[in-house]
Amino acid sequence: LTLQLMESKDYRFINLLINRGKHLNELTKTLINFWPNILAESIENLHSNKQDEKNIISAENTRRLSMLFLYNCNTQKCAVNFNEHIRYISEHEKYISSNDMHIKDIFIKLVKLGVKIDNLVKYADDSFILDLIYSNNLYKLKFENVKVILKKIYAIDNEYDIKHLNYTRVMENGKSPLSEYINTDSNINEYMDGILENCEGKIRDMEKSIIDILNNDSLADKRKEAYIKSLSRRVISEIKTVENKSLWDLLLKRDCIKYNSQNVLDYYSEKRVLTDELVDYINESYSVVCLSDVKYEYENEFIEAVIKRNEINDTRYEEILEGSNYIMDYFVDSDYFNIDEQKIYILIKTGILKITENNSWICERLLASDTIEIVDKIDLITKIIAEQEETVICCMLEILGLNDFKNLFKNRARPKFLINQINKKILNAFIKKGTIACYDIDGKYYKIYRTKPRQIK
């Protein structure tokens, strides 16, 4: 009879037998042996527009027949011969419910066949079935599926958290079927695709979760990069906690690293280059890179790189150099043209570049330059007065048009200088050098004393 039905393709009769609901297991075993393709044909008929609607197995009976095949069929045989069957189960909007027979046996077969259900939305209100699907990882790691699990099993209803702190909320529950499923093999990639597609370009995971994701060897780098681009600013305390060094530049560029001088040193220790990304990070940071407080293996190399980086803003440039013990042994003409004049002024100001008779030409150029502010020129000349010989000082004073101060080197001269801040700074420098003893206010002028006033008769 079964062979006759198969030859005539009498699906309607099989449909009637399933409707009767009697001896279904015996019927199924007979079909498996004599008409094994009936299930695949029935599934195909459901999607065909050319079928005779009266000679079909209904959608509900196709589902029931599918479950009967699973229950009665050898798992290996099903896996080999019924790939379309597996696809049918995965894509069915609600393949199994609490009212079905042999549920536990069916689930054992589904697990062995590696079935992954496409959409869990229709299972959301069937807690018994949903829990079986969840605990056996019988679902695809699509965003909507994860959302159903978070809502129904984790009791997380906050839509913002589900969209923007998804991984954090998953991992907060510790070791769970969902967290283990996500982090098994390469499943993290499927999961991350769903997160990135639905986070609206904004991920607010907690730092530990971020580090776990970026350090997951199974997650493709392109997804890590997309994840980084969605992170909020300054969420990672220490750049070295991210094991994949190739991600460091992007993390700096996206401003994901908290401002910390140690991050600068850790980055340079690894890269040994002062990259554009690191320069930008230094410029934007409010944290001073103070090398005097640490013993840094690459200090000299780092400072040499900093000195030649005109892109570092003057404030950060000076802060870094002030905290260093580095001294420039030589300074040549090419250095002058490759380093901004304001930076050269800072090198002198911080003591990195020592001015001597041999390199006094540097100060001459700086004092004659239009790019150096007058206040900086005055600070420079006071430094020169305190440290250099008369010949060098006079030359520098002449460049600034401060020739009257040259008279201080003449013992019998008693020049007067108008009261103002510039003259006061210069006179203080001459006192520090020991050229004069002090000065006093005499009307509108500073009065110079070669010795202490009490010694003058």
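The buried residues of helix 26 (residues 390-399) are covered by elements that include helix 24 (361-368), helix 25 (374-387) and helix 27 (421-433), where cover is judged by contact, meaning heavy atoms within 4.5 Å. Helices here are DSSP runs (H or I, at least four residues), numbered from the N terminus. The model is a predicted one, in which local features need pLDDT of at least 70 and side-chain atom pairs count only at pLDDT 80 or more, while totals for chains, interfaces and linings use all residues. Residues are numbered from 1 along each chain as its sequence is written, and side-chain values use heavy atoms, with hydrogens and water left out.

Within helix 26, Val-392, Ile-393, Cys-394, Met-396 and Leu-397 are buried, a term that denotes under 20% relative accessible area with a 1.4 Å probe and protein chains only. Helix 26 is followed by Gly-401, which has a positive phi, near 70°. For Cys-394 the relative accessible area is 14%. A search for disulfides (pairs of cysteine sulfur atoms within 2.5 Å) across the whole structure returned zero. Cys-394 accordingly belongs to no disulfide, and its nearest cysteine sulfur, that of Cys-395, lies 8.8 Å away. Cys-438 is likewise buried, at a relative accessible area of 15%.

The loop between helix 23 (341-349) and helix 24 contains Ile-355. Ile-355 is buried, with a relative accessible area of 10%. When residues up to four places away in sequence are not counted, Ile-355 touches Ile-348, Ser-360, Cys-363 and Gln-388. The C-alpha atoms of Ile-355 and Asn-137, which are 218 residues apart along the chain, are separated by 73 Å.

Helix packing was described with axes fitted as lines to C-alpha atoms over the stretch in contact, and with angles from 0 to 180 degrees between N-to-C directions. Helix 4 (residues 38-46) packs with helix 5 (residues 59-72) at an angle of about 155°, their axes being 10 Å apart. The two helices are therefore roughly antiparallel, a class that takes angles over 145 degrees; under 35 counts as roughly parallel, 65 to 115 as roughly perpendicular and the rest as oblique. The crossing of helix 4 and helix 5 is left-handed, meaning that the near helix is turned anticlockwise from the far one by less than a right angle. Ile-38, Leu-39, Ser-42, Ile-43 and Leu-46 of helix 4 form this contact with Ala-59, Thr-62, Leu-65, Ser-66 and Phe-69 of helix 5. By class, the contact of helix 4 with helix 5 comprises seven nonpolar, three polar and no charged residues; Ala, Val, Leu, Ile, Met, Phe, Trp, Tyr, Cys and Pro count as nonpolar, Asp, Glu, Lys and Arg as charged, and the others, Gly among them, as polar.

Helix 4 also approaches helix 7 (residues 83-91), the axes coming within 9 Å and crossing at roughly 50°. Helix 4 and helix 7 are therefore oblique to each other, and their crossing is left-handed. Leu-39, Ile-43 and Leu-46 of helix 4 meet Glu-84, His-85 and Tyr-88 of helix 7. The contact of helix 4 with helix 7 has four nonpolar residues, one polar and one charged.

The axes of helix 18 (residues 261-271) and helix 19 (residues 276-284) come within 11 Å and cross at roughly 170°. Helix 18 and helix 19 are therefore roughly antiparallel. Asn-263, Val-264, Tyr-267 and Tyr-268 in helix 18 meet Leu-278, Tyr-281 and Ile-282 in helix 19, a contact with six nonpolar, one polar and no charged residues.

Conventions:
Buried means under 20% relative accessible area, exposed over 50%, partly exposed in between (1.4 Å probe, protein chains only).
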